[in-house]
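Take a look at the model below. The text then walks from the fold of one chain to the pairing of two.

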Number of protein chains: 2
Amino acid sequence: MILAALLTSVGINLGLCFLFFTLYSILRKQPGNAEVYAPRLVAEGKSQQTDFNLERILPSAGWVTRAWRPSEAELLSISGLDAVVFMRIFIFSAKVFTFAVIMGVFILLPINYMGKQLSLDIFDLPNKSLESFTISNVDDGSNRLWIHFSAVYIFTAVVCYLLYSEYDYISSKRVAYFYSSKPHPHQFTILVRSIPASSGRSYSETVESFFSEYYPATYLSHWVVRRASKLQGLIKNSDRLYRRLVNLKSANQDRERFGRAGFMGLFGQRVNLLDHYEKKLEDIEDNVRAEQSSALGKEVGAAFVSFRTRYAAAAATHIQQGVNPTQWVTEPAPDPEDVYWPFFSASFLKRWISNLVVIVACVLLTVLFFIPVLIVQGLTHLEQLETWFPFLKGLLRIAVVSQVITGYLPSLVLQLFLYVVPSIMIMLSSIQGYIAMSEIEKSACIKVLWFTIWNIFFANVLSGSALYRVKIFLEPKNIPAVLAVAVPGQATFFIAYVVTTGWTSTSSELFRLSTLVFNFIKRNICRKVDDEFEVPSVPYHSEIPRILLFGLLGITYFFLAPLILPFLLVYYCLGYLIYRHQLLNVYAPKYETGGKLWPIVHDSMIFSLILMHVIAIGIFGLKKLPLASSLTVPLPILSLVFNSYCRRRFLPMFKSYSVESLLKKDKEEQNDPTIASFHDRLATAYQDPALLHVGYSGNSASITSPLLNTAEVNA
Amino acid sequence: MILAALLTSVGINLGLCFLFFTLYSILRKQPGNAEVYAPRLVAEGKSQQTDFNLERILPSAGWVTRAWRPSEAELLSISGLDAVVFMRIFIFSAKVFTFAVIMGVFILLPINYMGKQLSLDIFDLPNKSLESFTISNVDDGSNRLWIHFSAVYIFTAVVCYLLYSEYDYISSKRVAYFYSSKPHPHQFTILVRSIPASSGRSYSETVESFFSEYYPATYLSHWVVRRASKLQGLIKNSDRLYRRLVNLKSANQDRERFGRAGFMGLFGQRVNLLDHYEKKLEDIEDNVRAEQSSALGKEVGAAFVSFRTRYAAAAATHIQQGVNPTQWVTEPAPDPEDVYWPFFSASFLKRWISNLVVIVACVLLTVLFFIPVLIVQGLTHLEQLETWFPFLKGLLRIAVVSQVITGYLPSLVLQLFLYVVPSIMIMLSSIQGYIAMSEIEKSACIKVLWFTIWNIFFANVLSGSALYRVKIFLEPKNIPAVLAVAVPGQATFFIAYVVTTGWTSTSSELFRLSTLVFNFIKRNICRKVDDEFEVPSVPYHSEIPRILLFGLLGITYFFLAPLILPFLLVYYCLGYLIYRHQLLNVYAPKYETGGKLWPIVHDSMIFSLILMHVIAIGIFGLKKLPLASSLTVPLPILSLVFNSYCRRRFLPMFKSYSVESLLKKDKEEQNDPTIASFHDRLATAYQDPALLHVGYSGNSASITSPLLNTAEVNA
């Protein structure tokens, strides 16, 4: 790619960004769009409706200052620790890349540009290949490469320092958050699985006798899980029917009230739909009630066991309970709202096997996904496109079109492919046997991250000859050399990728195009009135891997093609503003993990650093500076040593709380008069919402919130 | 090697074995050798002295029946669980190789022998190359290889079944052993390290306030560790002087009582040594007392903390104590006799760094050791020996000499080299920061095992071109093919190795040559009277890796060269008898780990299986049966899956005890009146023996046992 094409791409994307911003600042003020652009405020009743005035149709930038203003403490109180940690990714990355820009653009870039290796004309700037800004342009064996060498060392040291202080900061935030938290059911409760079946006794009795024998002083109550998957299906059906009924009732025209009762409303007798649905709903609700009473008897070998103190609950999760380690398996209970109910049928062996199956499926998906990526990759080569579609030849020869195609189209298509991956990973994680939705999301986040790194970074870097991509990793000795040849070659692709995908997807996040369209259709075409509208939560499992991928690109290309760095810095600043705004206006946290996602960020950064070192070893060898190549070898080892120290120093704090913290909280509440009533409510906190469902018929106005009971406990 | 050479080697070694047995059965009955052949019985006062009669100089085999007779329960009560687990290695291996012999010798061996690949004369049996008994002799692409293929599958299944049932058996033994144990100090005590220093308070006060705040109900007492390395040196000196004094006193001749006081008794004034040493001893003991009182003030940031119940102690080791995970680091305390005192000065960071240094040192030692091995390997090639030492040419041409050299010498020299490795590994492990001698031994056992596998198995297999040994493991794709070529070629070497090293070293274990010679010199030349004589304990760290190496040889050569199997079976039967005898008569356990060594055995067996599978994949490819090669690929994966299940199912039981077990024991003792006095004794159980040392001068007849105090607590 030449500089002009890059600038075209930057121009288009800047334009798109400003278009999104302008549209957003106008649309946001339209009353009908409050549910799209400030669902959180609407749900909290804070959304103020303004009368029509001129201001409503003029673009404004007030949202930027509103997003910027709140302090971190305010954000913490509004959106919880997870949101703060999410924002820290941007702050941390901005710090890293500010330093990188200073070193890269002011020191490395001029050195690269002054090299003569590629023997390009130095004065024809617009038609200059971007290659001349990369390390490929530095002369082989030139002593100037020692500056790159020092830059790698200094940059690694700075990133490690920032990683350490960030880990330290977030772990202290985590402890402070725990100290300031109110009593939560999950702090006092553990989940026990693989309860051994004993003849003549129900699981409930077995649990009762086990825990009252071994924890007589601290055991409080338990709640055995029931097999309710059939019930969950029935309730989903009744929910759907009820919503259709509400819609029918609000419809004015009588003709809409009549339809055919058969398949998809196309066949069968013409009936009054209102009566038809009402009868059907009643039938289902009878079924629900019958199923509810029978489900109470269908116990599963798993139970939520509550204790009087946090310490007792924590101790019970840390020590093996039964003599056989595959029985009485304990783990900390998630928040009642966070429980993923469908999981509970799995035994130890079943979960262990499904775990293996998911790992295999995940590896296969990750490895075999490269086929669409390869096709997309082909699009960046105009010549190939011309041979495939000869009739487009004329069109493709137009300068603007060719620049759009090379600069913009490929990453857009790739984007669409990647859009479905997070949902697939969530699905895979959910059958792995996790008990909490937050854990499923965390596990999916790791899966998506590896998927992204393999299928965006490695697939693009090594696509030149697709077959040997797997082969390369079977010959670890050659990896540095292969990467040293392949990675710099894709620098221009990734610069374009940052500008298109990074900038545009972030600003479209603000604009929320799909939600806007969906909302418009719902309101104006379907004319649906939906009392229940859900405030979305941040999809961490798809957002974090994307942000981390840009970090990986920045770190690996830091000394290869420093031109990428300013674009990345812009991306992180943009992201910081926009996500902060979204957290304040759009997203509401569904559950709180207390910042457990940070270790993923840390590990990803360490991986990026080591990848950079491996490439550096290869590059210095390729550039005929073997001494620099050998002297880089200690760097990945030192980084791993640093990482292993951080794992010892900080990771335990993200897994569980210490005795010191737990007992401090327990002691604070010893004399609290409200704790007794909290203990009472604990006994029923972990009931399956399906068993609590009361039904709509009769009192169709009030919708029983399945979380009512648990929400009360949290209060 | 031809069959005749093998038979010569077998003959020589059988002869040596019988010589050792005969000599043993005579020497054992001589009264002066009781300390060599039955130190355990002597220490227990069970050794009966017979008068001189004819029987004393006649060989007998009574020891075989005496070693065979005791049941496993008796062995358990005499030598503890570790000894039982050690014997189970032989029983398990004998089971495995009985099955292997049946399959290998009766099915695979005839098939190999009937092959025509090597086109050897089938009738000249004595001059037959041993190669004709290996898989190399089977025709390429022959369908008979499918029998080998099935044998690999069936053998793997049988080994896995045996591994599972053995793990199950030993873990149940471990729980039963815990249930039947008396209260031990280590069950109630934890070791706390990295205690944070607080200004104005001693460590003792910090520990006291921390544990009485967080464990008010269960905290009992603590004992802060003191820096006593200088004291330990002084006490060692005074011990040596005291022993020299006792020897002098028992010497009859007056002339021995006079000597020079200077360096090594060669220079300086002539003095009465008795007076001289007595004065010197008094000086040292004054120093010891002064140092003892000053050491009491030198506290280290580590303490032994005792609790009222086993459960409380276990809970405290499982949960992170302080908010900072690198402070208040807890772990289960070892038995007081098992504590390795010199370690205590290390802080968290120091221990972490020394850990890294030891790992690097260990890898370097393992990898660079191949130089002497290569020289030894050269000895097996007579031609090379002749070119090095031309004057030996005449001698080497004699048939018997050449057969002895090829059959016996190489492994003997290798043996001498390997003799020092376990001590080096013990040394490395001891600076790694382990607190218990048993843990040092366990860690050294793993190190020696890897060392042995790399330097005996891989060094011999891949020595043909030494340079690429490290290279091969950097190209994992080629490993099967390389091993498939190299491993069968060394079959004859390893058969000889089993016969020489395996058989002879085991029978020399019975004969205890070095101890015998040492004892003889001591008694008859130095005329030393040593009141203190130490009963040795089994050097697990050097014995177990050797036994496991033979297991690895047997498993990898099972389908390649089944001729090795009968020799291995003989080795295991011999080993069973001899070690059983030694455990009953010679070795006394110094400490008890409760069978914690078994997981090492299990992992080693799994590694051997996977190595066999990798070789099988290579061999079937080499033998032009690619289908069989591909069909073998699932086998290592299945073995790993099996192993990961075993790790979940059994390994936790070897790390700690469950709540069920702990509380069962605690409840049993609730009403025990002796437990109060046991609690009292706990307070001083973990005093450094150096601080308890009373001294010899004045009351030089009574030797203060440093373990007196702790032994009392154990009683």
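In chain A, 82% of the contacts with a separation of 6 or more join residues 24 or more positions apart. Two residues are in contact if their C-beta atoms, placed from the backbone, lie within 7 Å. This is a predicted model, in which local features need pLDDT of at least 70, side-chain atom pairs count only at pLDDT 80 or more, and totals for chains, interfaces and linings use all residues. Residues are numbered from 1 along each chain as its sequence is written, while chains are lettered from A and ligands numbered from 1 in the order in which they are written.

Chain A holds 33 helices and six strands. Both are DSSP runs numbered from the N terminus: helices are H or I with at least four residues, strands are E with at least two. Of the 715 residues of chain A, 41% count as buried. A residue is buried if 20 or more other C-beta atoms lie within 10 Å of its own, exposed if 12 or fewer, and partly exposed in between.

Start with helix α19 of chain A, residues 437-461. Of its 25 residues, 22 are buried, so α19(A) is mostly covered. Its length also fits. At 1.5 Å a residue, the 25 residues should span 36 Å, and the end C-alpha atoms are 34 Å apart, which agrees. The expected span is 1.5 Å times one less than the number of residues.

Next, see how two helices pack. The axes of α6 (residues 145-180) and α28 (residues 634-649) of chain A come within 11 Å and cross at roughly 5 degrees. Axes are lines fitted to C-alpha atoms, for helices over the stretch in contact, and angles run from 0 to 180 degrees between N-to-C directions. That crossing makes α6(A) roughly parallel to α28(A). Angles under 35 degrees count as roughly parallel, over 145 as roughly antiparallel, 65 to 115 as roughly perpendicular and the rest as oblique. On α6(A), the contact uses A:Val152, A:Tyr153, A:Thr156, A:Cys160, A:Tyr164 and A:Tyr167. On α28(A), A:Leu635, A:Ser639, A:Phe642 and A:Cys646 take part. Eight of these residues are nonpolar, two are polar and none is charged. Here Ala, Val, Leu, Ile, Met, Phe, Trp, Tyr, Cys and Pro count as nonpolar, Asp, Glu, Lys and Arg as charged, and the others, Gly among them, as polar.

Two single residues deserve a stop. A:Ser194 sits in the loop between β1 (189-193) and α8 (203-214) of chain A. Its phi is near 55 degrees, a positive value in a residue other than glycine. A:Ser194 is buried, with 20 other C-beta atoms within 10 Å. A:Asn519 belongs to helix α23 (residues 513-524) of chain A. A:Asn519 is partly exposed, with 19 other C-beta atoms within 10 Å. Not counting residues up to four places away in sequence, A:Asn519 touches A:Glu35 and A:Val36.

Now bring in the second chain. How is chain A laid on chain B? A turn of 180 degrees and a shift of 0.0 Å along the axis do it, with an RMSD of 0.1 Å. The copies are thus related as by a two-fold rotation axis. They are superposed by least squares on the C-alpha atoms of residues with pLDDT of at least 70 in both. In chain A, the C-alpha nearest the axis belongs to A:Glu475, 2.4 Å from it.

The contact takes 30 residues from chain A and 30 residues from chain B. On the side of chain A, α28 is one of the helices that each supply at least two residues. That side has 17 nonpolar, eight polar and five charged residues.
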